[in-house]
Amino acid sequence: MSAIPSVDLREFLSDDAQQKQKFVKEIGAAFENIGFVALSGHFLDDQLVGELYAEVKRFFDLPEAVKAQYEVEGLGGQRGYTSFGKEHAKGRTEGDLKEFWHFGQYLSENPDIRESYPENLTVSEIPKFNEVGKQTYKMLEKTAQYVLRALALHLDLEETYFDDWIKDGNSILRPIHYPPITSEPKDAVRAAAHGDINLITLLMGAHGKGLQVQDHEGNWIDAIARPDQLMINVGDMLSRLSNNKLKSTIHQVVNPPRELWGSSRYSIPFFMHPKSHMPLNCLEHCVTEENPKQFEDCTAGEYLHERLVELGLIKG
Ligand SMILES: O=C(O)CCC(=O)C(=O)O
Ligand SMILES: [Fe+2]
């Protein structure tokens with residue numbers, strides 16, 4: 001039995017008020033406690049997932065010199081390729097043992113948005129990579145919208161509270177490749193302990209061992225999803241907004257045992273961000289005598305900037 005609870009989004013999408021309420025209660029309890037759930041009944045179908053993994057592998061298999069063309073100075077890793085070892089967790093100097101790609105928001109006709117975000121980079125060697133990345137982005141964004149509707153109800157807000165903030169939001173789809181380990185990594189790990197920056201994260205690929213989540217006693221527990229499930233967790237932005245009622249849990253990706261050093265890990269998180277001007281000020285009704293205000297007021301854009309400096313992706 002996994003310590004991470006499972007929920008099914010179809011309950012929330014059903015016309016049955018009781019089923020819907022059950023989903024809200026279960027995901028709310030999980031996010032107040034361990035901060036993670038495994039979610040089935042989402043909007044990704046098997047065919048798209050299969051195509052995405054095939055394209056992602058094709059991308060990371062490209063020669064280093066080709067991938068390097070998509071690592072653009074000045075973008076702070078926000079679009080395109082980030083090479084092996086570049087990102088490190090907050091407070092660490094060793095880089096994580098990973099390389100990754102970022103798909104960002106698709107610029108609509110809305111002129112405000114066009115100016116807010118850098119354009120996505122297009123990989124000319126593998127056109128289908130760009131196409132399936134976009135389709136996956138849209139399906140995960142839609143899944144996240146419904147999860148946030150459930151969380152809005154749990155937080156005693158209007159069901160659609162987050163809708164306007166996340167429409168054309170600054171979300172990122174990040175295919176990650178953790179390559180085979182070829183020499184003693186000393187202190188470096190695949191992904192050092194961290195909390196995610198954003199509102200919520202929807203993770204594809206947590207099907208084998210590797211991802212671990214820290215419980216309240218400080219124990220590391222394995223977070224493993226079934227093939228039809230996404231692993232979903234609370235990020236620091238939602239923790240701030242809810243004055244830590246919803247928990248952004250520290251997690252890590254550990255190196256495999258030596259006999260498995262030869263295999264790669266591929267995982268694909270979708271980091272759901274709102275528009276940059278969304279205030280992350282603690283909700284008034286989440287501040288009480290027993291739970292005094294824990295965070296300074298700031299906007300999502302200010303908070304993201306601060307965190308990207310800490311990760312070594314942009315200069316302060
Ligand atoms: O690779 C994984 O399973 C998790 C990655 C992760 O936690 C992250 O990129 O924030
Ligand atoms: Fe993470």
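**A chat about the predicted model**

Over residues 168–274 the chain is 35% strand and 6% helix, with the end C-alpha atoms 8 Å apart.

Colleague: Happy to look at this with you! Which feature does UniProt place at residues 168–274?

Modeller: Keep in mind that this is a predicted model. The name comes from an unreviewed UniProt entry. For residues 168–274 that entry gives "domain: Fe2OG dioxygenase".

Colleague: Thanks! Which elements give two or more residues to the shell around ligand 1?

Modeller: Let's start with the residues: ligand 1 is surrounded by Ile176, Ala191, Asp196, Leu203, Ala206, Leu211, His251, Val253, Ser267 and Pro269. Two or more of the shell residues come from each of strand E12 (251–253) and strand E13 (265–272).

Colleague: And how do the residues of that shell divide by class?

Modeller: Asp, such as Asp196 in the shell, counts as charged, and Ala, Val, Leu, Ile and Pro count as nonpolar. The shell around ligand 1 therefore divides into one charged, two polar and seven nonpolar residues.

Colleague: Now the helices: are H3 and H6 parallel, antiparallel, perpendicular or oblique to each other?

Modeller: Helix H3 (residues 46–60) packs on helix H6 (residues 127–154) at an angle of about 135°, with the axes 9 Å apart. Only angles over 145 degrees count as roughly antiparallel, and 65 to 115 as roughly perpendicular. H3 and H6 are therefore oblique.

Colleague: Nice. How many charged residues has the contact of H3 with H6?

Modeller: H3 brings Leu48, Glu51, Leu52, Glu55, Arg58 and Phe59, while H6 brings Lys128, Phe129, Val132, Gln135, Thr136 and Met139. By class, this contact of H3 with H6 has six nonpolar and two polar residues, and the charged ones number four.

Definitions and conventions:
Residues are numbered from 1 along each chain as its sequence is written. Chains are lettered from A and ligands numbered from 1 in the order in which they are written. This is a predicted model: local features need pLDDT of at least 70, side-chain atom pairs count only at pLDDT 80 or more; totals for chains, interfaces and linings use all residues. A residue is near a molecule or strand if its C-beta atom, placed from the backbone, lies within 6 Å of it. Helices (H or I, at least four residues) and strands (E, at least two) are DSSP runs, numbered from the N terminus. Axes are lines fitted to C-alpha atoms, for helices over the stretch in contact, and angles run from 0 to 180 degrees between N-to-C directions. Angles under 35 degrees count as roughly parallel, over 145 as roughly antiparallel, 65 to 115 as roughly perpendicular and the rest as oblique. Two residues are in contact if their C-beta atoms, placed from the backbone, lie within 7 Å. UniProt positions are given in the numbering used here, feature names are shortened, and annotations may be inferred rather than shown by experiment.
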